Amino acid sequence: MTGVRPAAGTPVRGRIGRVWYLDEQSPQRLRQYVGSPAQVAGIDRFCEEDGPARGARRFQVRTGSGLVFDVLPDRGLDLGAASFRGVPLAWISPAGHVGPGHVEHEGTGWQRTFGGGLLTTCGLDQFGAPATDEGQEFGLHGRASGLAAQQVNTVADGRLEVTGRLRQTRLFGENIVLDRAITTELGSRAVTVTDTVTNEGFEPQPHMVLYHMNLGWPLLDSGSVLRVPGAEPVARDAEAERGLGSWDTFTAPSPGFAEQVFRHDFAEPGPAEARLLNPDLGLSLAIRFDTRRLPGLFQWKMLGAGTYVLGIEPANCRVIGGRAAARAAGELPVLEPGESRSYAVEVEVAEA
């Protein structure tokens with residue numbers, strides 16, 4: 001950022017090189033400069049034509065501030081690739097965008113079509129390790145990210161919004177509905193995902209949800225630092241114990257790196273934040289949520305060659321070992337018939 005300020009009335013915030021960007025105060029002034037706001041911001045709809053994503057929908061949201069991100073209606077209304085002023089923010093897996101017809105739910109099959117991206121939703125009745133709970137088999141991280149959304153709608157005026165509904169159901173089993181709104185504004189550097197989950201069945205229903213947010217290079221690099229104010233890290237296992245002293249710092253990719261998973265326990269319930277800062281880029285990305293709704297925060301530190309990713313994962317349960325482990329610990333959330341619960345996660349990019 002050059003620090004150059006535009007003349008009064010100009011609908012831009014500043015510039016990098018010769019590229020100008022909006023800020024949140026400029027939408028009204030913008031109309032004087034363009035025939036359509038789509039010139040600088042909007043929601044563009046695409047349908048994939050090739051490979052395992054063929055036929056799947058993808059919406060690209062451009063706020064005009066330089067924040068661009070994909071919404072994947074046929075993969076749980078998740079967030080895919082994301083960038084800020086040309087800098088990639090999210091890690092994309094080797095699988096990439098894969099249509100729901102290729103998803104594998106049993107055991108660890110989830111890993112075969114896990115696309116990474118800014119957000120992969122895990123749930124809605126299981127997250128974490130594969131589990132057998134009360135005689136029923138559950139795969140890694142549940143079914144949510146393999147569901148295709150219904151009633152999908154977009155709004156693109158001063159407000160930019162994608163809404164839709166996911167339904168996870170089976171005969172003689174669960175009937176869970178997730179209503180999601182993905183919202184931002186013209187000129188904004190932030191996006192908020194707001195969910196309401198309802199048990200539309202007639203029996204109490206276990207309900208687990210985890211927001212698997214995947215940050216990658218170049219935001220994640222050897223000089224990056226993770227900050228989680230007000231929380232203490234707890235190692236998941238012996239491998240994480242070995243990395244407990246360096247949970248908040250990162251090295252270059254290393255072949256053979258073994259994943260480390262930490263849970264962050266907050267001293268006080270309420271608003272919380274995890275922020276990845278890259279001083280060399282002059283950028284940081286914050287993930288904000290409320291621990292009264294999402295009391296668990298997990299960190300997936302994976303610095304392997306080709307799998308160079310930091311997972312920041314707010315969740316409604318503090319147990320990552322799967323549904324049976326959550327039940328055994330007395331921490332399995334349950335929705336009564338007709339009961340709803342709401343969650344919100346905000347992502348914001350800032351110049352450091």
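Mentor: Asp 265 is partly exposed, with 22% of its relative accessible area. This is a predicted model.

Trainee: Which side chain does Asp 265 meet in a salt bridge?

Mentor: Side chains of opposite charge can pair when their charged atoms come close. Here the partner of Asp 265 is Arg 263, at 2.7 Å from N to O.

Trainee: How many salt bridges does the rule count?

Mentor: The count is 29 salt bridges. A pair qualifies when a side-chain nitrogen of Lys or Arg lies within 4 Å of a carboxyl oxygen of Asp or Glu.

Trainee: Is Arg 112 buried or exposed?

Mentor: Arg 112 is exposed, at 60% relative accessibility.

Trainee: What is the distance between the closest N and O atoms of Arg 327 and Asp 133?

Mentor: Those atoms are 2.8 Å apart, and the two residues form a salt bridge. The pair links distant parts of the chain, 194 residues apart: Arg 327 belongs to helix α3 (residues 323–328) and Asp 133 to strand β9 (residues 131–133).

Trainee: Is Asp 133 buried or exposed?

Mentor: Asp 133 is buried, because its relative accessible area is 3% and the cut-off for buried is under 20%. Arg 327, at 32% relative accessibility, is partly exposed.

Trainee: Which residues do salt bridges with shared partners join into one network?

Mentor: The network consists of Asp 125, Asp 133, Glu 134, Arg 323 and Arg 327.

Key. Residues are numbered from 1 along each chain as its sequence is written. This is a predicted model: local features need pLDDT of at least 70, side-chain atom pairs count only at pLDDT 80 or more; totals for chains, interfaces and linings use all residues. Side-chain values use heavy atoms; hydrogens and water are left out. Buried means under 20% relative accessible area, exposed over 50%, partly exposed in between (1.4 Å probe, protein chains only). Helices (H or I, at least four residues) and strands (E, at least two) are DSSP runs, numbered from the N terminus.
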